[in-house]
Amino acid sequence: MKPITLVFANADAAADVQTYLTHPLVERILWLRTENSPAAPMGAEEITVDTLFSSDALDQLLAACASPYLMIVLPGGRVTLGANALERFVQVAEATQAGWLYSDFRDANEQGISDHPVNDYQLGSIRDTFEFGQVVLLDRAAAQVSGLEYGTTEGLRWGALYDLRLKLSIDFEVRRVPETLYTRAPLDTRTTGERLFDYVDPCQRAYQIEMEAIVTEHLKRIDVFLEPNFADVSAPMNEFPVLASVIIPVRNRVKTIADAIKSVLSQQTDFAHNIIVIDNHSTDGTTELLQQLAAESAGKLIHLIPTRTDYGIGGCWNEGIYSTHCGRYAVQLDSDDIYSGTTTLQRIVDELRKGYAMVVGSYTIVDFDLYELPPGLIDHREWTRDNGRNNALRINGLGAPRAFDVSVLRSIGFPNTSYGEDYAVALRLSRDYDIGRIYDSLYYARRWSGNSDSALPLATANRYDAYKDWLRTVEMQARQSLNAARALGESE
C-alpha cells in the first residue's frame, strides 16, 4: 500500500499522535499550529500558520507532503482512528482513484457511543458546511492536477480546503466509505435547532463573503453560474378574489395557531386580503379552534381540510395556492409564528407590486413567550441582486417570510414534502426571476420544543441535508442546460 502523510489540524488529538509514529503506512506526521494552539507533540513536525485552512497553510501543507496520500484530522473534537482504519482508507483510495475520501464514524459522549453515518456526495453537495466528519484522505496527485487545471487561489483566509475540494470534485470522485473507521468525542454538542443559524451570525460575515466568492468561481467553472438577467413577471390572465392571501399550513398547533391568525387579522392594508389555513387533519383540538375562529372572522379566514391524507407542507401549500379563494399574492406564515406588526402584509405586497415573482423578508428569533433569542434578527444580508441566486446554491435557505406572485407560482407548484419545499421553489424561481428582499424584521419566529427542527435525530438531519443537496443537483443541472442552450443560440 502507498504511504500517507498524517496531518493533525486538531489540537484535541495531541495525545493520539504517539500512536502513529511507528505505523508502517505513516511516512510523516505534520502538526498545523496557529498562534493560540498548542505546540506540536513529540514526533510531529510543526507547521505554523495564520489560520488552519488559509491559502498559505494549504500551500505549506502540500509542499511538505511527499507521500501519495494526505490524511487530515480536522478540528471539532478528539479523534481515535479505528483498527486498520489507515489501511482501509488507502485500500479504497487505490481501488477507486477517488480524489477525496471520507467515512462514517462513531460519536462518544456522556450517553455512550453511537454510530454517526454521513451522506454520500453529489453534484449539489457544494455547501461549505457539508459534513465529512473529522477525517479526510486526499490524493496528492489529484490535488496537484486540480491546481494545474483550475489554478490556485491566493489570499484565502479560511476556505482553501473548501476551494480545493470543489476543484477536485470536477474531475475526481469525492467518495464516502460507508464504514465506521474512527471515533470522535465532539466539542459541539448543540442540537440541530441551536446550530441552524450559525451561517447568518454577523460575526461570521467576513467568512461567509469568502465562501461565497469560492463557490461563485466554482459555479463559473462548471457552467452553472447565472448572470443577473431576469425575466419579467407577466400580468395574470385570470381574476383573483382578493389581492393577497396569507397561507398557513397547520397540523396539531392548538397552542399557537390562534396567535398566528390574530396577527394576520390585525393587519392594516389598502387592499383586500384573506387567510387560508390548510388544516392537515389535526387531532389535538386545532380543527375545532379553527372552526370557531373562522366563524368569528366575517369571512376572512378560510379553513380548508384536504380530502387527501398524504400531504406534507408542500402539498398543503398547493392546496392553498390552487384554491379558488387564493389571491394574486400568496404570503407565508408558519402556524407557530406571528407577524411583528400591523403593517407586515402591506410591506410585503408593496414589494411584490414592483414586479417580483418572489419576495423574502426578515425575522427575529424568539422563544415561546416572544423573548428574543440569539442570534436575534435573521436578515440574510448576504443576498445581492447580482449574485444572490448563485450563492443560494451554497446555503440551505433564503429566509422568511416568503411571498409569491401566484400567477407564476402556479406554473411550478411545491414538492409534496415537509422539509425543503420552500427552498425548492425559491431555487426554481431564482433561475428565471428577480427576487425582492426586505431587511427589516417582519415576524417573530418562535423556537420551542414543538418546532419540527428543534432537535432532529441524526437520521432525519441527514435525510433533510441529502434532499437539499439533491435539489441543488437538479437545479445545477438545469442551469447547465440553460447556459448550454443560450451559448448554442448565440453561436448560431
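Two strands pair if DSSP finds at least two bridges between them. Helices (H or I, at least four residues) and strands (E, at least two) are themselves DSSP runs, numbered from the N terminus. Keep in mind that this is a predicted model, where local features need pLDDT of at least 70. Residues are numbered from 1 along each chain as its sequence is written.

Let's start with strand S4, residues 69–73. On one side of the pairing, 5 bridges join S4 to strand S8 (residues 135–139), and the two run antiparallel; here Tyr 69 has Asp 139 of S8 as its bridge partner. S4 also pairs with strand S1 (residues 4–8), this time in the parallel sense over 5 bridges, with Leu 6 bridged to Met 71 in S4.

Next comes helix H1 (residues 55–64), with Ser 55, Ala 57, Leu 58, Leu 61 and Ala 64 buried. The buried residues of H1 pack against S4, among other elements including S1 and helix H4 (160–171).

Further along, helix H13 (residues 421–432) and helix H14 (residues 458–491) pack at an angle of about 10 degrees, with their axes 10 Å apart. H13 and H14 are therefore roughly parallel (an angle under 35 degrees).

Notes. Predicted model: local features only at pLDDT ≥ 70, side-chain atom pairs only at ≥ 80, totals over all residues. Heavy atoms only, no water. Buried < 20%, exposed > 50% of the residue type's maximum accessible area, 1.4 Å probe, protein only. Contact = heavy atoms within 4.5 Å. Axes fitted to C-alpha atoms, helices over the stretch in contact; angles between N-to-C directions. Parallel < 35°, antiparallel > 145°, perpendicular 65-115°, else oblique.
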